[in-house]
Amino acid sequence: MTKLGLAAALIALPSFGFAQEADMTPPNGEIGYIFTTFMFLVTGFLVMWMGAGFSMLEAGLVRQKNVTMQLMKNISLFAIASIMYYLIGYNLMYPGDGWTITNVIGAFSFAGMEPVGGSPDTDLTYASVGSDFFFQLMFCATTASIVSGTLAERIKLWPFLIFTVVLTGVIYPIQASWKWGGGFLDANYGFLDFAGSTVVHSVGGWAALAGALILGPRIGKYKGNRTVPMPGSNLTLATLGTFILWLGWFGFNGGSQLYMDTAGNVADISRIFANTNTAAAGGALAALILTQVLYKKPDLTMILNGALAGLVSITAEPLTPSLGSATLIGAVGGILVVLAVPMLDKLKIDDVVGAIPVHLVCGIWGTIAVVFTNGDATLGGQLISIVIVGLFVFVVSAVLWFILKMTVGLRVSEEAEITGLDVAELGMEAYPEFSKG
């Protein structure tokens with residue numbers, strides 16, 4: 001060996017040793033745990049991004065004078081949900097063997113994670129507690145976001161936030177435990193709700209409906225039998241918000257597969273993504289065509305809500321349908337939204353952004369639609385579960401809204417509503433330059 005070759009070999013030796021020491025390939029038994037944990041974190045990021053989608057959608061669909069209030073509510077409700085789900089919601093929803101009332105009310109305790117670096121006792125067949133907590137929290141926050149848009153432009157900030165505390169800490173986790181926590185809807189009725197058409201979306205819709213009935217419509221919205229249009233401030237933002245929600249829904253439905261530890265699970269996640277996308281497309285196109293037929297011009301706001309309706313409709317079962325079936329399920333959702341919005345106006349129920357048609361009506365439809373593609377579902381089991389969850393959420397929400405109305409008051413003054421909540425409640429405007437003329 002030449003001196004040059006010997007020198008090169010000596011230089012290379014430490015790097016060879018370092019490469020061997022750095023080989024930290026995990027044991028086969030940990031790989032599924034690692035991939036599932038990673039899936040929860042990534043899909044959780046996507047569902048968190050839906051908070052931005054709701055914010056932009058609502059900011060675009062309310063009038064200019066109320067934009068800041070919607071942004072304030074959305075950032076605040078996410079923070080509240082994060083704390084309440086830690087303090088009480090997570091273990092109330094997933095009590096394991098620690099039910100306070102078996103299969104009805106879960107455990108009252110703080111959420112906790114594994115110690116730093118993990119634990120020898122960690123269950124490697126699932127995912128880390130931290131990733132599961134993070135992912136499930138995002139669903140809780142989404143439920144509260146649904147309520148925000150319906151009650152826009154006339155509700156006070158603090159009563160809404162107080163309601164959010166109870167919704168995210170108690171109402172949502174209790175009913176979610178009945179299905180996802182192994183409670184009585186899962187055990188006794190065989191209720192199937194893959195990612196939450198009922199558990200998340202209709203719950204937000206029922207809470208919003210109760211609030212809208214007690215709060216009443218905006219000033220001037222209904223004059224006799226006539227509905228007065230109150231166009232939103234920025235359809236660009238509303239469209240951006242819809243696309244963000246569409247994107248976030250891949251995490252919402254895809255992560256609900258709950259495992260990413262086998263080739264079969266990865267294939268199913270891919271199938272869920274494809275079905276979720278085509279259902280949204282079906283909903284958007286159905287709304288596009290139906291508004292053209294009914295009104296002689298397509299309505300962008302209806303098309304945006306049609307896409308969201310398709311997404312809500314497929315959420316209860318995004319795995320078993322074919323692409324064609326998923327498209328049709330979403331399309332029915334888009335049709336329902338176009339029909340439900342004017343129906344609510346006839347009933348003089350003022351829903352500013354159309355959240356009740358999208359999340360409640362299509363949440364019910366999506367839960368029923370499970371029976372068409374999943375042979376394990378029964379129509380009776382689906383219907384009775386819809387009714388039980390609906391009664392619980394609507395009644396508890398109505399009582400809470402009524403208590404807030406009688407104590408701190410729900411609605412801003414007439415002067416504040418006319419002026420706009422941004423100035424009256426917050427003292428700041430989203431677009432101050434435009435308001436000066």
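Which helix holds Ser197? Select Ser197: it lies in helix H7, residues 197-215. Keep that selection for later.

**Ground rules**

This is a predicted model, with residues numbered from 1 along each chain as its sequence is written. Local features need pLDDT of at least 70, side-chain atom pairs count only at pLDDT 80 or more, totals for chains, interfaces and linings use all residues, and side-chain values use heavy atoms, with hydrogens and water left out.

**The whole chain**

Start with a cartoon view. The protein has 16 helices and two strands. Helices (H or I, at least four residues) and strands (E, at least two) are DSSP runs, numbered from the N terminus. The radius of gyration is 24 Å, close to the 22 Å from the globule rule for 437 residues, so the protein is as compact as a globular protein of that length. That radius is taken over C-alpha atoms, and the globule rule is 2.2 Å times the number of residues to the power 0.38. Along its principal axes, the C-alpha trace spans about 100 × 55 × 45 Å.

Colour by burial next. Of the 437 residues, 52% are buried. Buried means under 20% relative accessible area, exposed over 50%, and partly exposed in between (1.4 Å probe, protein chains only).

Now show the charged side chains. There are 19 positive and 27 negative ones, and the centres of the two sets lie 19 Å apart. Lys and Arg count as positive, Asp and Glu as negative; His and the chain ends are not counted. Each charge is placed at NZ of Lys, CZ of Arg, CG of Asp or CD of Glu.

**The cores**

Select Phe139, Val147, Phe163, Tyr172, Trp249, Phe252 and Trp401. These have the most contacts inside the largest nonpolar core, which has 104 residues. Helix H3 (residues 67-93) gives the largest share of this core, 12 residues. A nonpolar core is a set of buried Ala, Val, Leu, Ile, Met, Phe, Trp, Tyr and Cys residues joined through side-chain atoms within 4.5 Å.

Zoom in on Tyr172. Leaving out residues up to four places away in sequence, Tyr172 touches Met93, Phe139, Cys140, Thr143, Leu167, Trp180, Val199 and Val200. Contact means heavy atoms within 4.5 Å.

Then find a second, separate core of six residues, which includes Ala279, Ile329, Trp365 and Ala369.

Go back to Ser197. Ser197 is buried, with a relative accessible area of 0%. Its contacts, not counting residues up to four places away in sequence, are Ser202, Val312, Ser313, Thr315, Ala316, His359, Gly363, Gly366 and Thr367.

Jump to Ser177 in helix H5, residues 157-179. Ser177 is also buried, at 0% relative accessibility. With residues up to four places away in sequence set aside, Ser177 touches Leu92, Met93, Trp99, Val104, Gly182 and Gly183. Draw a C-alpha to C-alpha distance from Ser177 to Gly89: 9.8 Å in space, for 88 residues apart in sequence.

Most residues other than glycine have a negative phi. Which non-glycine residue has a positive phi of about 65°? Select Asn103. Asn103 sits in the loop between H3 and helix H4 (129-150), and is partly exposed at 23% relative accessibility.

Move on to Glu153. Glu153 has a positive phi of about 75°, although it is not a glycine. Is Glu153 buried or exposed? Glu153 is buried, at 1% relative accessibility, in the loop between H4 and H5.
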